[in-house]
Amino acid sequence: MYKHEIIEYSKDVPIRVSIQRMENTTRHWHGSIEIYLVLSGDITVILESETFHLIEDDILLINSNQLHEIHCNDNVVAVLQIKHSYFKQWINDSTFFEVNSSIFHNKSRFLELKRSIAKLIYLNYNNTDCDDLLCISHSYQLLHELVKNFKCNDTKLTGNKSKNLKRLKGIIEYLNDNYTENITLNTVAEREYLSASYLSHFFEKNMGVSFFNFLTGIRMNHAVNDLLNTNLTIEQIAANNGFANSRYFVSCFKKEYGILPKQYQKEHRKETDINVVKAQKISDYLLIEQHDFLNKLGEYLESGNTFKKEKTDSSFYNIINVNVSNLKCSLLHTFKTFTGVGRAKDMLMQKVQYELITLQKEIGFQYIKFHGILDDSMMLYNEDKSGNPYLTFTYVDEVLDFLLSIGFKPLIQLSFMPKLLAKNPESTIFYNPVILSEPNNYNKWVYYITELTKHFIKRYGLSEVRTWLFSFWNVPFKTYVFAFETNEIAYELYRITRNCVKECDPHLLFGTPSYGSINFASSEFYDFLDYCKANNCYPDFYNIHCYPVKTSTTKDLATLGESYRDSENDKIILSDDPDYMAHTIDCYKKKMTGYPKLPTYITEWASTSSHRDWLNDTCYRSSYIIKNILENYDSMDSFCNWCISDTLEELPLSNEEFHGELGLFTLSGIKKPAYYAFTFLNKLLDTLIDKGNGYFITTNQKGDYAIILYNYSHISPLYAQGVLFNVTFLERYNAIVDANSMEADLVLTQIENGDYILTEQIVNRDYGSAFDEWVRMGALPLTSEEEINTLKGRSMPKINKMNIQISNNLLNYYADLKPHEIRLVTIKKQLW
C-alpha cells in the first residue's frame with residue numbers, strides 16, 4: 001500500500017521551498033517534483049527499488065509520481081517542491097530528470113541547481129515586495145537547467161506500477177478540480193471505465209484511505225481556509241466546498257478537529273495574520289539555526305557570481321515641491337547635544353584624543369558620555385594597609401582637563417566597581433573586563449562618591465560642575481547584561497549614589513541610570529521611576545538607549561562576521577522595522593505622560609549593538625544615521641550615536657582595519673561614511689522649511705538654504721535574524737534588500753531671484769566611503785603611513801560647485817541618488 005501526499009501551493013507561485021529536519025517516512029508518492037539538498041548530516045532515500053545515501057552537499061530529485069521513502073537521523077535539508085502541472089508546456093507525465101549527486105564523481109555539474117535553490121530560499125525568507133515575481137522567474141530558470149542538462153528518457157516507471165500511479169494521479173486531479181461538485185464513487189468509476197466496487201478497492205489499497213474519506217479531506221482543507229480567511233457563514237462554507245449541508249459539515253469538522261467550526265475559527269483566526277505568518281516562518285528556521293544552514297546556502301552563491309536581485313538599474317522617483325516661504329519651525333539641533341566614547345581610560349590615548357579634537361573642530365558637541373570612570377583602569381580607588389580608602393585623581397584629572405580644553409562637558413557616569421571595593425570581583429564583562437558587583441562596604445562607596453564629587457567642585461569650580469551631568473551605572477536592571485543580582489540592589493545603589501552627589505551640592509544634575517530600549521512598553525523603567533518618587537530621589541533627567549535589537553544579555557556584545565560563526569549562542573537579533581527609532585520614541589513618550597516632564601537624553605544609539613557588524617563600516621550606517629536623525633529631528637533632547645572610535649576593548653582588537661566596530665573612525669583614524677553623516681547634519685541651518693521621505697530642507701531666512709537628501713534601504717529579514725547567507729567580508733551590501741536608486745526632482749518655489757552658488761557634497765559607495773575605496777585598492781592590509789594617508793585622501797566626499805541664476809522665483813534641482821547615498825546641497829545667495 002502506497003500513500004499519496006497532497007502538496008498545496010500558494011495561488012500564484014508554483015514552487016515551495018523550506019528548510020527542515022527530515023524524518024523517517026513510509027513509501028509514498030505525489031504529483032510534484034521534489035528536490036532534496038542536504039545542508040547537514042545525511043539521509044537515505046529509497047527510490048522505487050534503489051537505495052541512495054546522501055551526505056552533506058548532495059542533491060537528489062524525485063520525479064512526479066515516483067515512489068520513495070526516507071530514512072534518516074540528525075540532518076538539515078533544503079526541500080524544493082515544484083508544481084508539475086504549472087509547467088505542462090515544457091514537461092509532461094513522461095518527463096524524467098536524473099539528478100542524483102551521490103552517484104556522480106563530478107559534483108560541479110549540480111552547482112547551478114544548488115545556486116537556483118539558494119536564490120529561491122533567499123527570496124522566500126526575505127519576504128520583500130514583488131518577490132513572488134522573482135520566485136516565478138527563478139523557477140523557470142531552475143526548470144531550464146533541469147530540461148537542458150538533466151532530462152532523460154523515463155525508464156524507471158514501467159508496467160502495472162506506472163499504470164496504477166498514473167490512474168491514481170488522474171483521479172486525484174479530478175477530485176481536486178471538482179470537489180465543490182456532487183461527486184460520487186459511481187461518477188468517477190464511469191470516467192475510469194471501472195466498476196464502483198473495483199474502484200473503491202483499488203483506491204483504498206493504493207492510497208491507504210477510502211475514496212470518500214479522501215474526498216472529504218480535500219473539501220475540509222478548503223473549508224478550513226475559508227473559515228480562517230473569509231467572513232462566510234458556516235452554511236455558505238459548507239455549500240461552497242461540496243458538503244451536502246451545514247449539519248454534515250459540522251459533524252465532519254468536529255470528528256476531525258474535536259471542536260465546532262466557530263470555536264476553531266475564534267481560536268485560530270488571529271494566527272493567520274500575515275505578520276504572524278512571516279514571523280513564524282522566521283522562527284521555524286531559527287529552531288535549527290545551529291547548523292548554519294543558510295550560510296551554507298550562501299556558499300553556493302559565492303562559488304559563482306554573487307547573487308544580486310535583478311533590480312540594480314531600477315529606481316523610484318521622488319518629486320519634491322516646496323514653497324520656501326512656508327516656514328515650519330526653528331531647529332535646536334539636539335543631535336549635537338551628545339557624543340560618546342567607550343571608556344574614560346580611552347581618552348588618555350593620543351589617537352583617541354586626536355579623533356575627539358577633530359570631531360569638535362568639524363562638528364562640535366556639547367556633552368560626552370563614557371563608561372568606567374570608577375573602575376581600576378583609572379587607578380582612582382585604593383586602600384591602605386588598614387583597609388582605609390584613599391583616591392588618586394591623576395588620570396581622572398587628565399581626562400577631564402582634556403575634555404574641557406576642547407569644549408566638552410562630561411556626563412559623569414559613575415561606573416564600574418573597583419576590585420578592592422567589589423563584593424563579587426569575579427562578576428565581570430568584556431574582553432578587557434570591568435566588574436559588575438555591588439560594593440562590599442557601602443560606607444566606603446559613600447566615601448568614594450562623595451570625595452570624588454568634592455574633588456570635581458574644588459578643581460573645576462561649582463559653577464562649572466553645575467553644568468555637568470551625573471548618572472549611575474549602565475543599564476543596571478535585571479533584564480540587562482550589566483545588572484546587579486536584583487533590581488532592589490540597583491535601586492538602592494542609585495539612591496545612595498545620587499544622594500552623595502546631591503549632598504555636595506543640591507543643584508548638581510543627576511539622572512537615571514541609562515536604560516535600554518528593548519521594550520519600553522514593559523514596566524521595568526517605570527517601576528524604577530515609581531521607586532524614585534516614593535523614596536524622594538527623583539532624577540533630574542532621563543537617560544535612555546535606542547539600539548534596534550530584540551535580544552539582551554551577552555547577545556548585545558555578539559559579532560557579525562568572521563568570528564560570528566564561533567558564537568552561535570550569542571547572536572544579536574535586530575529589528576526588521578526600518579522605523580524602529582520613531583516607534584520606540586513614540587512608545588516611550590506615551591508611557592511617560594504620567595511622569596514629570598524632564599529632559600530625555602538618548603545617550604547611546606546605533607544601527608546595531610554588535611561590535612563586529614560589517615555594515616558599521618559602510619554607507620548603510622551613514623544613511624541609517626541621516627534617516628533616523630532627520631525623521632526624528634529634535635524629538636528628544638539628544639541623540640548620542642555610539643560611538644566615536646573603533647578603539648574599544650569590549651572584544652579583542654582586530655587586525656582588520658574594517659572589522660565592523662561601532663566607531664566613526666577606524667583604528668588608524670580613517671573617517672568612515674558615518675562620520676560624514678554628522679558633518680552633513682552640522683551644516684543644516686536654523687529654520688525648517690519642509691521634510692519628508694528622503695529630504696530635509698532648512699534656511700537661515702537670509703536667502704541661504706541647506707538641504708540633505710538621502711536614499712535609505714533597510715537590512716534583509718535574514719540579516720536581522722543574524723544569518724549572513726551570501727554576505728561576505730567584501731560583499732557586505734548583500735545584507736540589504738530592495739536597494740534601488742532614488743531620482744529626486746526638487747522644485748523650490750518663491751525663492752528670491754538672484755545669483756547663488758550651489759554646492760553638492762556626496763557620500764556613497766563611490767565617494768566618501770573608506771571601506772569601498774579600500775576594496776577598490778585591492779582589499780589588502782594597510783602596511784604604511786603612506787597607504788593610510790592615501791586611503792584617507794581618496795575617501796573624501798565628492799564636492800561639486802556651480803553658479804546658478806534664479807530669475808523666475810523657482811529652482812529645479814535633480815539628483816539621482818545611489819543606494820544608501822547621502823547628499824548635502826547648500827545654496828548660498830551672492831551679495832554683490
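**Salt bridges and a parallel sheet**

At 7% relative accessibility, arginine 823 counts as buried in this predicted model. Its salt-bridge partner is glutamate 760, at 3.4 Å from N to O. Glutamate 760 belongs to strand β28 (residues 754–763) and arginine 823 to strand β31, so the pair ties together parts 63 residues apart in sequence. Glutamate 760 is likewise buried, because its relative accessibility of 8% falls under 20%.

Strand β31 (residues 822–829) also holds lysine 828. Lysine 828 forms a salt bridge with aspartate 704, and the closest N and O atoms are 3.5 Å apart. Aspartate 704 sits in the loop between β25 (695–699) and β26 (705–710), 124 residues from lysine 828. Aspartate 704 counts as buried, at 13% relative accessibility.

A further salt bridge joins lysine 423 and glutamate 438, with the closest N and O atoms 3.6 Å apart. Lysine 423 lies in the loop between β16 (409–414) and β17 (428–429). Glutamate 438 lies in the loop between β18 (434–435) and α14 (442–460). Lysine 423 is exposed at 57%, whereas glutamate 438 is buried at 12%. The whole structure contains 34 salt bridges. A network of them links Asp766, Glu773, Arg776, Arg794 and Lys818.

Three strands form an open sheet in the order β21-β22-β23, with parallel pairing. Its edge strands are β21 (542–546) and β23 (638–641). Neighbouring strands are turned by 25 degrees against each other on average, direction ignored. Strand β22 (residues 600–605) pairs with β23 over 3 bridges. Tyrosine 601 stands opposite serine 638 in β23. Helix α19 (residues 619–631) lies across β22 and β23 and runs at about 170 degrees to β22.

Terms used
Residues numbered from 1 in each chain as written. Predicted model: local features only at pLDDT ≥ 70, side-chain atom pairs only at ≥ 80, totals over all residues. Heavy atoms only, no water. Pairing = 2+ DSSP bridges. Helix = DSSP H or I, 4+ residues; strand = E, 2+ residues; numbered from the N terminus. Axes fitted to C-alpha atoms, helices over the stretch in contact; angles between N-to-C directions. Contact = heavy atoms within 4.5 Å. Salt bridge = Lys/Arg side-chain N within 4 Å of Asp/Glu carboxyl O. Buried < 20%, exposed > 50% of the residue type's maximum accessible area, 1.4 Å probe, protein only.
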